[in-house]
Structures are given as structure tokens and as C-alpha cells.
Amino acid sequence: MAFMPCFYVPKRINLAIMLFMACLLSYMMRVNLSINIIAMVEDTSVHENGTEVEALPDYGPRYNWTQSDQALLLGAYFYGYMLTSLPAGTLAEMLGARNVAGYSCLVAGILTALTPAAAAWDKYAVFVLRFLIGFLNGVVYPCCHSLVSKWSPPDEKGKFVASLMGGTFGTVITWPISGVIIENLGWDWAFYIVGIFVLFVVAIWFYLVADTPAQHSTISLKEREYIESSLGDTLSNKKKWPPYKELVLSLPFWSLVMLHYGSMWGLFFLITATPKFLSEVLGFNLSSAGFLSSLPHVARLLCAFGFGAVADWIRRRGCWSVTRMRKAFCLPSHIMPGVMLIILAYFGRDPYVCVAIMTISLGFNGAATASNLANSQDLAPNYAGTLYGIINCVGTTPGIFSPLIVAAFTKNENTIDQWFWVFNIGAAAYILPALFFWVFGSGKIQKWNEVQTTESREDIVNTKL
């Protein structure tokens with residue numbers, strides 16, 4: 001960090017905090033239905049001893065939604081999310097990431113608060129509402145990556161990307177808090193309180209965030225010059241359409257797509273299925289299920305900042321090329337989580353062992369801040385938002401598929417034996433993309449970034465493998 005007077009808080013620190021909060025809001029609106037739906041449905045669960053037990057007391061109206069209905073509603077968010085993820089990066093680069101992300105969160109928060117009314121009307125009204133919330137939130141992460149590319153000095157990139165783990169913290173706090181809210185106020189308030197919180201944070205977002213250092217009204221000249229000089233000429237001030245043809249033909253880009261897909265499969269599977277698994281299969285009550293479901297995400301959040309700091313240290317030292325570093329971090333971010341899911345499939349009979357293995361698995365995945373989550377910044381700083389939008393669009397599909405796969409395997413019986421194949425499918429989704437990235441992945445700035453760069457120490461390091 002550049003030296004600043006003690007009374008001056010660097011504006012890029014404010015920005016990193018708001019990136020964290022934007023991602024937190026996105027995930028609060030994404031995951032709240034995963035636990036709220038347990039209290040919304042009429043349901044019985046078959047536990048290991050074969051007895052049928054009423055899942056929950058009444059915390060509000062109960063709806064006769066089948067397992068397939070629940071899978072449809074849990075997946076609805078991701079249908080909308082996938083559509084806007086694709087053009088979101090380009091929208092951010094053309095219209096400004098601050099406004100695109102801010103107004104989208106604002107409207108999505110209002111729709112979240114309307115969910116109880118939609119549920120009282122019809123399950124398809126909930127589907128439409130969840131689709132629209134996902135549609136609006138699909139722009140958030142590409143916008144954040146666009147802001148990172150314009151505000152983050154290269155040797156702070158790991159910490160900035162780690163700030164996007166605000167989504168993980170959103171999961172961490174939403175599940176246990178929702179469980180407490182449901183048991184004390186009813187499930188409808190688990191939607192209202194999230195909506196109110198979103199509106200509060202969005203107001204702060206518009207006050208603190210600017211698209212670039214040059215557009216920030218209160219940034220110091222020293223900090224602005226430091227950021228702009230550290231980025232050098234890898235960024236262009238001109239608004240240009242992304243090089244889609246070159247993207248389609250780029251093996252490093254397709255390697256990133258696959259790597260991100262594998263990471264998102266594991267993440268979205270745990271987001272959509274863990275509360276249900278802990279409550280209905282392992283027999284935990286709702287507040288316990290919410291708390292225990294959050295533990296893997298706590299581990300992911302903490303490890304993300306740790307791995308991000310290590311990646312920044314490696315980059316400052318210049319001992320590895322960016323390519324070598326990204327490939328090395330695939331071991332903790334993908335291989336180890338996959339191995340842990342295989343262990344879970346074979347040895348996850350004890351409830352607390354299950355939670356421990358899930359926690360270790362997702363904790364290792366925190367290294368994604370130094371692998372798939374950072375690689376779009378490496379390949380094309382000018383189009384980091386666009387690249388992330390595309391990989392996020394593809395990476396959203398596990399949010400649709402994983403609930404359907406869980407529903408298919410647990411249609412007739414919902415015990416640990418049915419989840420054996422679910423865990424193994426998740427393991428394969430983690431490991432196979434990492435192997436592909438090891439062969440074809442890259443950390444070099446690609447020619448289609450369309451900016452002529454002068455040779456620097458960074459470029460020299462990047463040429464080493």
C-alpha cells in the first residue's frame with residue numbers, strides 16, 4: 001500500500017469494503033430461500049432409523065410443494081442469474097459498474113421483501129419473483145470484477161479478489177440468522193429483514209463507490225497516481241466491444257471457464273442442498289441446521305483471505321510466474337475439495353463427521369481467490385468484467401442442475417445412501433476441470449486484451465513457466 005496520512009482512509013479500501021458488501025447482499029438474497037423453504041413447506045422426513053418425523057412446527061403458512069416443486073423454486077434464481085451474467089461485464093464496462101450493480105441490488109431487495117406475498121398467491125409467483133431477483137443479481141459479480149480491474153494495484157489483487165468473498169459471508173450469516181428469525185418471528189420476516197438491510201447498504205454504496213479513481217470526488221492525488229501508475233498501460237480508457245471471436249478461440253479462456261464451473265458446482269451444491277441435507281437426512285433442528293450449514297462457508301471465507309494474501313506475497317516476490325501460481329493454487333481450490341467429497345461419500349455416516357468434512361472441503365476452495373476467481377484479471381484486464389460475466393453465466397448452471405440431481409436421487413427415499421452419488425458427482429466436477437487447467441490454463445495477458453504493453457518486470461516474470 002502507498003503511504004497515506006494517518007487520518008486518510010485509502011479510497012480503494014472503502015471500495016474493497018463495498019465490494020464485499022455488494023457480494024454479501026447478492027448472496028443473502030440468493031441463499032435465504034434455501035433455509036426458509038424448509039419452514040414454508042408441508043414435509044415429513046425419513047431418517048436413518050426409518051421412522052417418519054414431522055420436519056418442523058408451524059412458523060407461518062405451510063404450502064404443499066413437492067420435492068420437484070422445491071427444486072424448481074430453488075433453481076429459479078439461477079435461471080435469471082445466468083441470463084444477465086453473460087452481458088453484465090459489457091454493461092459494466094459501457095455504462096459504469098457502480099450504477100449497474102447499485103440499482104440492480106436496490107430492485108432485487110424490494111422483490112425479496114415481496115416473496116411472502118408471492119408465496120401466498122401461488123408457487124409460480126414465487127418462481128417468477130426468484131427468477132427476477134436472480135436476473136437482477138446476475139450483474140453484481142461481473143460489475144465487481146470490472147471495478148477490481150480499475151482500482152486494484154497488481155500486488156494487491158489477491159486481497160481485492162478475496163473481498164468478493166462477501167458472498168460467502170452472506171451465506172454464513174443468512175442461514176443461522178434466518179433460522180433464529182424464523183423460530184422467533186416466522187419465516188416471512190426472514191424475507192422482510194433481508195430486504196430492509198439491502199436498501200440500507202445500497203444507499204452507502206452510491207455514496208462511497210466510483211467507477212474509477214479518476215472519477216472519485218474525494219480521492220487524494222497521491223493515491224490516484226499510485227493506482228494508475230501501478231496499472232500502467234494494461235488498461236484502456238476507451239470503451240470498446242469485447243473481442244468475442246478471439247475469446248471463442250482461446251484455450252486459456254476455455255480452461256478458465258471449466259475451472260470456474262467446477263468451483264461453482266461445489267459451492268452451489270452446498271448452498272442449495274446443505275440445509276436440506278442436515279435437517280431432513282441428519283435430523284438437525286432448523287436453527288442448528290442453519291448454523292452448521294454456515295460453517296463450511298466460514299472456513300471458505302477465512303481461507304480465501306489467507307490464500308489471497310499468500311498469492312499477493314508470491315507475486316511481490318516474483319518467484320513464480322502468474323501462470324505457475326494459478327495452476328499451483330488449483331490443488332487446494334479444486335483437487336482437495338473433490339477428494340474431501342469422495343471421503344464424505346464413503347465415510348459420512350456420523351452427522352458431525354459430515355459437517356467437518358464439508359467444512360474442510362469448502363475451506364480449501366477458498367483458494368479459488370488465487371485460481372479461477374483471479375484468472376479473468378490476468379488474461380484481459382480491459383475485459384475482466386466481460387470475462388467474468390461469461391464464466392459466471394456458465395458457472396451458474398450448477399445452481400440449476402444440483403437441486404434437480406438431489407431431487408432425482410432422493411425422490412423415493414431421502415437417506416445418506418441416496419446422497420452417495422450426489423457427493424461423487426460433485427467430486428468429479430471439482431477435479432476434472434483442474435486437470436484440464438493444468439494443461440491449457442495461463443496467467444499471461446492475452447493479445448486480444450487490445451492494449452500494447454511495454455515490457456516490464458511483470459511481463460518478464462509472466463513469460464516464465
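**Exercise 1. Helix packing**

At roughly what angle do the axes of helix α1 (residues 11-40) and helix α2 (residues 67-95) cross, and within what distance do they come?

*Solution.* The model is predicted: local features need pLDDT of at least 70, side-chain atom pairs count only at pLDDT 80 or more, and totals for chains, interfaces and linings use all residues. Residues are numbered from 1 along each chain as its sequence is written, and side-chain values use heavy atoms, without hydrogens and water.

Step 1. Helices are DSSP runs (H or I, at least four residues), numbered from the N terminus. Axes are lines fitted to C-alpha atoms, for helices over the stretch in contact; angles run from 0 to 180 degrees between N-to-C directions.

Step 2. Read off the geometry. The axes of α1 and α2 cross at roughly 170° and come within 9 Å.

Step 3. Classify. α1 is therefore roughly antiparallel to α2 (angles over 145 degrees).

Step 4. List the contacts (heavy atoms within 4.5 Å). From α1 come Ser-26, Met-29, Arg-30, Leu-33, Ser-34 and Ile-37; they meet Gln-70, Leu-73, Leu-74, Tyr-77, Phe-78 and Tyr-81 of α2.

Step 5. Sort them. The contact holds 8 nonpolar, 3 polar and 1 charged residues. Here Ala, Val, Leu, Ile, Met, Phe, Trp, Tyr, Cys and Pro count as nonpolar, Asp, Glu, Lys and Arg as charged, and the others, Gly among them, as polar.

**Exercise 2. Glu-223 and its partner**

Which side chain meets Glu-223 in a salt bridge at 3.0 Å, N to O?

*Solution.* Step 1. Apply the rule: a side-chain nitrogen of Lys or Arg within 4 Å of a carboxyl oxygen of Asp or Glu. The count comes to 6 salt bridges.

Step 1. The partner of Glu-223 is Arg-12. Glu-223 lies in helix α10 (residues 221-231) and Arg-12 in α1, so the pair ties together parts 211 residues apart in sequence.

Step 2. Check burial (buried: under 20% relative accessible area; exposed: over 50%; partly exposed: in between; 1.4 Å probe, protein chains only). Both Glu-223 and Arg-12 are buried.

Step 3. Arg-12, Glu-156 and Glu-223 form a network of salt bridges.

**Exercise 3. Two further pairs**

Where in the chain do Lys-123 and Asp-69 lie, and where do Arg-315 and Asp-378 lie?

*Solution.* Step 1. Lys-123 and Asp-69 meet at 3.1 Å, N to O. Lys-123 sits in helix α5 (residues 123-137) and Asp-69 in α2, 54 residues apart in sequence.

Step 1. Lys-123 is partly exposed at 23%, whereas Asp-69 is buried at 13%.

Step 2. Arg-315 and Asp-378 meet at 3.9 Å, N to O. Arg-315 is in helix α13 (residues 286-317) and Asp-378 in helix α17 (residues 372-379), 63 residues apart.

Step 3. Arg-315 is buried at 16%, and Asp-378 is buried at 4%.

Note on methods:
Helix = DSSP H or I, 4+ residues; strand = E, 2+ residues; numbered from the N terminus. Parallel < 35°, antiparallel > 145°, perpendicular 65-115°, else oblique.
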